[in-house]
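Colleague: I would like to learn how to read disulfides in a model. Please take me through them.

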Amino acid sequence: MVSWRRRPGPGLARLWGLCCLVLGCWPSALGCPKSCGCSSWRIWCTGSSPGIASFPVPQRSAEGDNVTEIYIANQPNLESINDNEVGFYVGLKNLTVVDSGLRFVSRHAFVKNVNLQYINLSRNKLSSLSKKPFRHLGLSDLILVDNPFKCSCEIMWIKKFQETKFYTETQDLYCIDDNNKKTALLDMKVPNCDLPSANLSNYNITVVEGKSITLYCDTTGGPPPNVSWVVTNLVSNHESDTNKNPASLTIKNVSSMDSGLEISCVAENIVGEDQASAELTVFFAPNITFIESPTPDHHWCIPFTVKGNPKPTLQWFYEGAVLNESEYICTKIHVVNQSEYHGCLQLDNPTHLNNGAYTLLAKNDYGEDEKRVDAHFMSVPGDGNGPILDPDVYEYETTPNDLGDATNNSNQITSTDVSNKENEDSITVYVVVGIAALVCTGLVITLIILKFGRHSKFGMKVHGEVKGVGLVDQIWLSLQDCDNEEQVMVAVNSDVHNNSTASDNNRLGFVLFHKIPLDG
């Protein structure tokens, strides 16, 4: 029985060769040392020969952006992690340096590695370690076991760090005292070695714009902590004195732009640090920094921005008189940013009656400010030369004092209302003219019949005689079937005109023709 084995074709061989070429060229492309292996997301250095003497750094900074894990072990010649070395790997999350000769970690080693979550520096030769490289990191793990720490105040922060519940269960740390005796870090006692504390003289700083104020910070700790003030974005002129305890910060000619800013006092020593913060509140008169002509939106809006502390009261005036606000004209505040208020005067369906000058007055206990803006919502109906005062069109008269009620929908005159009234008037005129034309036509026809009725070529036959009174003496009625339609022919005797009186002539109007059934 013959067994068959499929041999790789030339395409598969070329693919394997390409993969090997890429993998073989990757370490050199990343600047990977001989004792390390490198991929797009991970660097591992575990070979002790020839080993590495410094932290691996990529040839180009962009090449380290995607690296999330670095693992270094068995590197006796690696003694330090210096500034800017780990910083090339901005996406780094996990760092392990174990079983190596590490003795020193720079205070700025991890400044750029804000994504670091896990650091393991176990089984190295660290005798001291500052807290500064780690204080800005949100670490889930910091493992430091089996390092020959010297019992000193400089590693007291590790003891405090270990005292948290999470670390007391996972690490067995010790230090070596002056007698070369191992002491559990939890039992380490160092005189004059305490965490610092900071306390402010005032935690609610209030000042009127243009005035000056001094803030004091009292600190304790051993060794005595260094004090610094954090006044980021403070516009006002200020000066500090940190050589004394309590330290002081003086802010001169306080600006309203600093209202709401946070001021912090930081006390730091080798054990750790403490911080106390207060918010600066500046009282100042209102200032209308922005107002603009109305813009159409879902409603018409006169936008404005007002600054002031305490919050200013707002009052609108129309043509110099107080504007009584209602549900149709009212002030709306949309955004509040510290002591700055952004809003608008909202008008619901304004007409030309609302055109004019609007003035905003902002006022609080420290002063007031006002700004004016001209508003044009709608052109005056008609020829545009002036307002229409026809009382048949406008049912009410608006004054500046009752402008708030003038926009009530029950009283509002719109262009649609006026247009409908004009259309109705036009139709009425057309109807009247039509009726008049029909009357004139009927009158003309009547006169023709009166004149030529006796000599009708249709040969009317008289079936009876009717006696009249006054104007009409005799009327002969003749009914004749013409094209199967019932016709009424009325003949007026010529004697009518001869026997009529003046009063009869006055009563002469016009004759209306009406169909009368033949059997009627």
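Colleague: Is Cys45 buried or exposed?

Modeller: Buried means under 20% relative accessible area, exposed over 50%, and partly exposed in between, using a 1.4 Å probe and protein chains only. Cys45 has a relative accessible area of 0%, so Cys45 is buried. Keep in mind that this is a predicted model, where local features need pLDDT of at least 70, side-chain atom pairs count only at pLDDT 80 or more, and totals for chains, interfaces and linings use all residues. Residues are numbered from 1 along each chain as its sequence is written, and side-chain values use heavy atoms, with hydrogens and water left out.

Colleague: Which residue forms a disulfide with Cys45?

Modeller: A disulfide is a covalent bond between the sulfur atoms of two cysteines. Here the criterion is a pair of cysteine sulfur atoms within 2.5 Å. Cys45 pairs with Cys36, the sulfur atoms being 1.9 Å apart. Cys36 counts as buried because its relative accessibility is 11%.

Colleague: Why is the disulfide of Cys36 and Cys45 right-handed?

Modeller: The torsion about their S-S bond is about 110°, so the disulfide is right-handed.

Colleague: How many disulfides does the rule give?

Modeller: The count is five. One of them joins Cys151 to Cys175, S to S 1.9 Å. Another links Cys153 and Cys193, with sulfur atoms 1.9 Å apart. Cys153 and Cys193 are both buried, and the torsion about their S-S bond is about 95°, so this disulfide is right-handed.

Colleague: What is the pairing in sequence order?

Modeller: With the bonded cysteines of the protein chain numbered in sequence order, the pairing is 1-3, 2-4, 5-7, 6-8, 9-10.
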